[in-house]
Amino acid sequence: MYNGDQTIKDFGEQWRRYRDNNGFYGSMELFYDMIHPFLKSGDIKNCKVAEIGSGTGRIVNMLLEAGARHVVALEPSDAFEVLCRNILEPGKVTCLKVTGDQLPAYGDLDYVFSIGVLHHIPDPRPVVDAAFRALRPGGHFFLWLYGREGNRLYLALLKPLRVLTKRLPHFILTSLVEVTYWPLVLYIKLCHILPLPLKGYMLSVLEKMSPEKRKLIIYDQLNPSYAKYYTRQEAEKLLLDGKFENARLHHRHGYSWTVIGTKPSV
Ligand SMILES: C[S@@+](CC[C@H](N)C(=O)[O-])C[C@H]1O[C@@H](n2cnc3c(N)ncnc32)[C@H](O)[C@@H]1O
């Protein structure tokens, strides 16, 4: 079975080309949008947290800005070097170049976050188990995953395209991104007047991004070797199979799943 190594390589290359977290893409406005409706800014203050799959460190910096006392940041790819450079308060961060299943079993973390990562891991179960071990009793595992619901038309177009694009070298893929960019801009404009699929995401997230970051988002959809789009039931099962309780799900902007579960107290 495909083990995810190529996907990690793909991201190593991606993040060494798209290195910065500027603008809305790395903003607290986007962070609050991501953690809504389960968390508020004050919930993270003074907490010890981890993020699995930190990429270029935008979520790590958001967690620091939200007041985290300490952040453990895991990034297994060659993006690790970019992550270390981008961190705003290095004294409060432990960076580990390991996969999520190797998150140390601290047993005292208040939160483990994983934003946009588990859907790129073919067998996420060992990662969920590691998050469970790292949390304190009563601590929370917070996930954001691609959703299948709300994306059916998009996926009907994307899936056949990805068969080709995930194999393309960077310079061809970036040319394809340039070609796709202007239809996307037009689509965002049409969303203002028509009830088109993904309208919520287009207007609340993508429209606020700079052209450069919109191109990164397109690249990010086409590049990784492995990407799974979760149904609500699959997303919930991830946490329940991992012994988490009180799993709650939110269909963020009608296209993705925000999921939170709690490690039992006893
Ligand atoms: C789409 S990026 C998300 C980065 C960051 N969380 C963010 O939102 O900006 C997915 C990241 O997960 C990492 N990743 C892939 N497989 C992983 C694994 N098995 N364990 C931990 N991280 C992994 C990739 O290297 C990549 O940096």
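Accessible areas were computed by the Shrake-Rupley method with a 1.4 Å probe, and for residues only the protein chains shown count as cover. On this basis, the accessible surface of the protein chain comes to about 12,000 Å², and 57% of that surface belongs to carbon and sulfur atoms. The structure is a predicted model, in which local features need pLDDT of at least 70 and side-chain atom pairs count only at pLDDT 80 or more, while totals for chains, interfaces and linings use all residues. Residues are numbered from 1 along each chain as its sequence is written, and side-chain values use heavy atoms, with hydrogens and water left out.

The protein chain contains ten helices and seven strands; helices (H or I, at least four residues) and strands (E, at least two) are DSSP runs, numbered from the N terminus. Its radius of gyration is 18 Å, close to the 18 Å that the globule rule gives for 266 residues, so the chain is as compact as a globular protein of that length. The radius of gyration is taken over C-alpha atoms, and the globule rule is 2.2 Å times the number of residues to the power 0.38. Along the principal axes, the C-alpha atoms fill a box of roughly 50 × 40 × 35 Å.

Of the 266 residues, 53% are buried; buried means under 20% relative accessible area, exposed over 50%, and partly exposed in between (1.4 Å probe, protein chains only). Among contacts (heavy atoms within 4.5 Å) with a separation of 6 or more, 71% join residues 24 or more positions apart.

A polar side-chain atom of Glu-51 lies 2.8 Å from a ligand nitrogen atom, and one of Arg-58 lies 2.7 Å from a ligand oxygen atom. The protein covers 95% of the 600 Å² of accessible area that the ligand has on its own.

Gln-14 lies in helix H1. This residue counts as buried because its relative accessibility is 0%. Leaving aside residues up to four places away in sequence, Gln-14 touches Leu-216, Tyr-219, Asp-220 and Asn-223.

Methods
Polar contact = N/O pair within 3.5 Å; in protein donor to acceptor, adjacent residues only side chain to side chain.
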